[in-house]
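Here is a short tour of one protein model, written for someone who likes to look at the atoms. Please have the viewer open as you read.

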Amino acid sequence: MGMAKVIKFNNQTPLKFGHHKVKKKKKKIDLEEYGQLNLFEEGEEARVIKLGRQESPFEEALLLDENENETAREAYLKAIESNDCLPDAYCNLGILESKMGDTAKAIKYLTLCLKEESSHFEAHYNLANIYFEAENYELAKMHYEVSIELKPNFSFSYYNLGLVLAITNNTKEAIDVLNKYKNFANFEEKINADELIQKLKKSLKQ
């Protein structure tokens, strides 16, 4: 694949923002799922008995994952077997595989996530990160752009896309995207973005 001239950042490319995990999502409230049983018979007044709530397979996996428990991977696989939050389980499992250095499996699980839910924001964003790391900038760019369409106020997508555009010598586009990023960034992040934008502007004059 032909690649444009790469812009140098004093021999160091700015760090991109990393993976974004799926958190527990809101579900339709179901009394039995939340450990509450409606026990009544015809002619009797309805009663609610509270029981201890049990976590779903995906929620158990997520809890293990957030506590960096090494069994999280197996727990996500169990969630997948149970068909529980299938897209989200595939996505977070893909992130784990990426962190463990298995890029092929990471791409596999994130792709399976998109097969289940083509508009899954986290899957597009994390795939973009993986392709970025693999220096497949064309696919990284595509997935960052999709993630922005799906979640326009998520700042990290703009910044990482700006880096991809800068690396592939699409400097003016990179500056435009980084300026958009600044609309969602905090004070310190804006300073870093401004420094990068100034470097890119200088490269245009060279």
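A polar contact here is a pair of N or O atoms within 3.5 Å, where one must be able to donate a hydrogen and the other to accept it. Keep in mind that the model is predicted.

## Around T168

Let's start in the loop that runs between helix 7 (155-167) and helix 8 (171-182), where T168 sits. The side chains of T168 and N170 are joined by a polar contact of 2.9 Å. A polar atom of the T168 side chain also lies 3.3 Å from the backbone oxygen of L165.

Is T168 buried or exposed? Buried means under 20% relative accessible area, so T168, at 11% relative accessibility, counts as buried.

## Helix 4 against helix 5

Next, look at helix 4 (residues 103-116) and helix 5 (residues 121-133), which pack with their axes 10 Å apart and at an angle of about 155 degrees. Angles over 145 degrees count as roughly antiparallel, and helix 4 and helix 5 therefore fall in that class. Their crossing is left-handed.

On the helix 4 side, the residues that meet helix 5 include I107, L110 and L114. Among their counterparts in helix 5 are L127, I130 and Y131.

## Confidence

How far does the predictor trust its model? The protein averages a pLDDT of 82, and 77% of the residues score at least 70.

Conventions
Residues numbered from 1 in each chain as written. Predicted model: local features only at pLDDT ≥ 70, side-chain atom pairs only at ≥ 80, totals over all residues. Heavy atoms only, no water. Helix = DSSP H or I, 4+ residues; strand = E, 2+ residues; numbered from the N terminus. Buried < 20%, exposed > 50% of the residue type's maximum accessible area, 1.4 Å probe, protein only. pLDDT = per-residue confidence, 0-100. Axes fitted to C-alpha atoms, helices over the stretch in contact; angles between N-to-C directions. Parallel < 35°, antiparallel > 145°, perpendicular 65-115°, else oblique. Left-handed = near helix turned anticlockwise from the far one by under 90°. Contact = heavy atoms within 4.5 Å.
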